[in-house]
Amino acid sequence: MGAELSRIAEQAEAARRAQADHEEAEQARAAREAAEAQAREEREHAERLAQEVEEERRRQRVAEEAAERATIVAQQEQERRQRAREEENRRLHAEREAAQEARQAQTPTPEEYSAFREVIQHTEGFFHVALSGIAGSGKSSLVNSFCGKHNMDLGAAAVGANKTNFAVARYPDPHPSSRFVWYDVPGAGTLKVPDWNYFNDQGLFVFDCIIVVVNNSFTATDVAILSNARRFGIPAFIVRSKADQHIRNLMKDIGYNSDDEGGNKASYFARARDQYVAETARSIRTNLQEAKLPDQPVYLVSNIGLQAAVTGRASEKMLDEVKLLTDLGGAARRYAL
Ligand SMILES: Nc1nc2c(ncn2[C@@H]2O[C@H](COP(=O)(O)OP(=O)(O)OP(=O)(O)O)[C@@H](O)[C@H]2O)c(=O)[nH]1
Ligand SMILES: [Mg+2]
């Protein structure tokens, strides 16, 4: 009985130990599984993180590539615009050159040359001076002054509105010893006398000297006459007339009131004259530079002042009248040599 009991107790003990082992094994397995599950979870978490990082990097790469592409497109667009601008500039430049070229008179044929010489009655030993320029600039009045005449004198060239001549008019200098022949050339820029090809149309190439009578502003026609005269080797003078009128206007502009008896007229005149001289010289110089023509003087005159100079009278209102006569004399002498 005792043995039986102790065997049962042993069996119970063995069963208990087996149970305990089993439980321990179970716990160990559960712990392993829990550890494995945690490790798996951590791994998965890490993988997810890695994926997210990778996804973020990919997004950044895509964004960077898009930005890069946008920069390239913008650069290309900028380059395209720049090329278009350059192309437009080239086109404008070529157009200007072509226009300038077109303004260069064609070389006249020998027939044209002798026909025009006949028209102006070109005479050996005389100095043939053309007064050319824009309509209304004062050409006819200056022709009269060179001939020592007033505009109203008998035989004087007609002046003023609607008195424009449509053909070159010849005025031999009335002074017995003079070798000058003055020519009143139709004014350019009217419908009947377009400035296009003015130089050739008026046969300016047959003259020994050309005076360009400049109006209020220096025009493309004036430039064309000068550059063609240069091409044909004809001495050309720039003359701006109506100095008296321009100075009178300037006096008013700077405050002179002709009704004001006490007004200092002489000082207003001096100031206006100096301003007129400086402004005209500056404007002509700039225009010559822009037209790529060499600098040359501009003679400021009035028809009355020039008439006085020709007839040997002095006038304090004169500007460059005497100098103009002197320099024309010099050109005539050089021509005769
Ligand atoms: N005050 C003043 N007026 C002038 C002078 N020269 C010309 N005029 C006036 O300006 C106007 C035009 O002068 P014109 O001599 O006919 O000019 P133009 O260049 O021959 O004119 P077109 O033949 O039409 O081309 C006229 O009313 C002249 O009296 C000047 O030196 N002083
Ligand atoms: Mg005239």
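**Talking through the model**

Author: Let me begin with helix α5, which is mostly covered, since nine of its twelve residues are buried (buried means under 20% relative accessible area, exposed over 50% and partly exposed in between, with a 1.4 Å probe and protein chains only; helices are DSSP runs of H or I with at least four residues, strands are runs of E with at least two, and both are numbered from the N terminus). Before we go on, this is a predicted model, in which local features need pLDDT of at least 70 and side-chain atom pairs count only at pLDDT 80 or more, while totals for chains, interfaces and linings use all residues. Residues are numbered from 1 along each chain as its sequence is written, chains are lettered from A and ligands numbered from 1 in the order in which they are written, and side-chain values use heavy atoms, with hydrogens and water left out.

Reader: Okay, which residues of α5 are buried?
Author: The buried residues in α5 are T221, D222, V223, A224, I225, L226, S227, N228 and A229.

Reader: And how far does that helix reach from its first C-alpha to its last?
Author: Helix α5, residues 220–231, reaches 16 Å, close to the 16 Å expected at 1.5 Å a residue, where the expected span is 1.5 Å times one less than the number of residues. After α5 comes G233, whose phi is positive, near 70°.

Reader: Switching to the ligand, which residues come nearest to ligand 1?
Author: There are 18 residues around ligand 1, and K139, S140, S141, T164 and N303 come nearest; a residue is near a molecule or strand if one of its heavy atoms lies within 4 Å of it.

Reader: What does that shell have by class?
Author: The shell around ligand 1 has 13 polar, three charged and two nonpolar residues. In this scheme Ala, Val, Leu, Ile, Met, Phe, Trp, Tyr, Cys and Pro count as nonpolar, Asp, Glu, Lys and Arg as charged, and the others, Gly among them, as polar.

Reader: Which helices supply at least two residues of it?
Author: Those are α3 (139–146) and α6 (243–253), and α3 gives the most, with three residues.

Reader: Which atoms lie close to the oxygen atoms of ligand 1?
Author: A backbone N or O atom of G160 lies 2.8 Å from an oxygen atom of ligand 1, and a backbone N or O atom of G136 lies 3.0 Å from an oxygen atom of the ligand. For S241, a polar side-chain atom lies 3.5 Å from an oxygen atom of ligand 1. The protein covers 83% of the 640 Å² of accessible area that ligand 1 has on its own, with areas from the Shrake-Rupley method and a 1.4 Å probe.

Reader: Stepping back, how is the protein chain divided?
Author: The chain has domain 1 (1–103) and domain 2 (110–336), with bounds that come from an automatic or database domain assignment. The centres of the two domains, taken over C-alpha atoms, are separated by 89 Å.

Reader: Where is R43 found?
Author: R43 is in helix α1, residues 2–103, and R43 counts as partly exposed because its relative accessibility is 47%.

Reader: What about K242 and K292, where do they lie?
Author: K242 is in the loop between β5 (236–240) and α6, whereas K292 lies in the loop between α7 (265–290) and β6. Phi of K242 is near 60°, a positive value in a residue other than glycine, and phi of K292 is likewise a positive value near 60° in a residue other than glycine.

Reader: Why does K242 count as partly exposed?
Author: K242 counts as partly exposed because its relative accessibility is 26%. K292 is exposed, with a relative accessible area of 71%.

Reader: Is S302 buried or exposed?
Author: S302 is buried, because its relative accessible area is 7%, and its place is in the loop between β6 (298–300) and α8 (303–310). The side chain of S302 reaches the backbone nitrogen of G305 at 3.0 Å.

Reader: Last one, where is I211?
Author: I211 is in strand β4, residues 209–214, and I211 is buried, with a relative accessible area of 0%.

Terms used:
Polar contact = N/O pair within 3.5 Å; in protein donor to acceptor, adjacent residues only side chain to side chain.
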